[in-house]
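Here is my notebook for today. I went through one model and wrote down what I looked up, step by step.

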Amino acid sequence: ISYEKAQYMQLNNVFPQVQMYEDPLLLHEGKMQWLFDYKGKRYLDMFGGIATVSVGHCHPKIIEAIAEQSGILGHVSGAYEHPKMYEYVESLVSKMPGDLKTVYLVNSGSEANELAMLLARLHTGNQDVLSIQNCYHGVSGNLHGLTALASAKFNNTPAGISIHHAMCPDVFKGIWGGRKCRDSPVQTQRSCECDRNHCRAADNYYEQLENIFSYSIPRGKVAGFFAESIQGVGGVVQFPRGYLKRVYELIRSNGGLCVADEVQTGFGRTGEHFWNFQSHGITPDIVTMAKGIGNGFPMAAVVTTSAIARSLNSAFHFNTFGGNPVSCAVGVSVLKVIEEEGLQQNCLDVGTYFLEKLCGMRREWKIIGDVRGKGLMIGVELIDGDQDDIDNIGVINPLNCRAVSRIKNDCLKMGLLFGVGGIRSNVLRFMPPMCVTKADVDFTIAVLRRAMQNYYE
Ligand code: PMP
């Protein structure tokens, strides 16, 4: 299909319903970190299909795995088993800590979180579920209520039942946020422990969450707590050190299960650990994963303990495509490629280099309010005003979304793709395939600089 034909079809109201059709970009081909449009123009993909293309577009090993498995067995449904399913479960479980050994194979992040919620409610016998403001866990059924990011909600979406939201412990814009010690990538990736607001904030946010128990949930009656260890769609928001660990203890002492949503943060993307919850020193009861698991193939998983999994025996759960043989072959291959090509280490090396460059840029451009993230999950928050206002009067004005779009579209014209996120859509999000190089970072920085210069002209 040519670009002209696609336009003609749109004019005649025959078109696929793409939910976020921001950029009129008809992409034809992909090769590792590169995408090509209908004219053969090349783009550096610093968004990776929303942190999904983990090992690279059309990676030869993934193509090989798909071709080989398609020629052996393509589908059996959830009613049967097949060897690839066992092979995949064995390799996935080898990456999990503790007793997380039971795997449910599903098709999307939303489906994984729906199942996690069902497991938590069945296992505990409780109904109330907690998540953190500004979080994104999906937008299907109950998840409309769990997701607490205003920009992902609309007036008529069902609120879900018995769902509570803890205040977002955002160390930058949160009410106990403020200027961070963020001039070096080490501080940015590990969160420092100084004596300023953002480091002392963990206690305040924790107390706010404790209040929810005092006022809204009967003691001992919580089913589960969901959290991304870095909020992705919410704008790459990192929590203060120690916060999640204390919250896990509180939830468990109230009878609940802790669910780590590793949909964006998993599979080595954040560099330091294979799962980013590990950097908080916590072991969840349930882990949900999607996106990077299949390098773009529609697959997802829920991993939990056998004791929690047994709770599902009293209910009915089924899906037709989960554990599809080709998906399992892709999953096995993704894990192998991450290992063989040292992609987790590459995320740390290239991500640190990228953060270093961005921290440097922040010192030069007052429009950059904050640089944050870990490995190759990086956010750049654009503000309107002066960085010093953050310290002096505690005000952070987001750059308006039209200006952000202008910068983004300028970059697109210069062959650079990335996403935006955050409640005001003013955070540039970089989550590229994990194979990007330092040269790709240099290109990204050069294009960003030019787009910002254009913005000021
Ligand atoms: N959890 C997180 C952290 C996500 O970022 C997303 C999707 N952006 C989901 C869950 C939902 O995944 P899906 O779109 O595959 O249903």
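I began with β13 and strand β14 (residues 377-382), which run antiparallel and are joined by six bridges. Strands here are DSSP runs of E with at least two residues, helices are runs of H or I with at least four, and both are numbered from the N terminus. Two strands pair if DSSP finds at least two bridges between them. I also noted that K374 stands opposite M377 in β14.

A reminder to myself: this is a predicted model, where local features need pLDDT of at least 70 and side-chain atom pairs count only at pLDDT 80 or more, while totals for chains, interfaces and linings use all residues. Residues are numbered from 1 along each chain as its sequence is written.

Next I looked up the whole sheet. It is open, with four strands in the order β13-β14-β17-β16, and the pairing is antiparallel. β13 (368-374) and β16 (419-421) stand at the edges with a single partner strand each, so one side of each has no neighbour in the sheet.

Then I turned to helix α9 (residues 243-253). Which of its residues are buried? I found Y243, L244, V247, Y248 and I251; buried means that 20 or more other C-beta atoms, placed from the backbone, lie within 10 Å of the residue's own. Seen down the axis of α9, these buried residues fall within an arc of 125° (taken from the directions from the helix axis to the C-beta atoms), so they line one face of the helix. After α9 comes G255, with a positive phi near 85°.

Technical notes
Buried ≥ 20, exposed ≤ 12 C-beta atoms within 10 Å, placed from the backbone.
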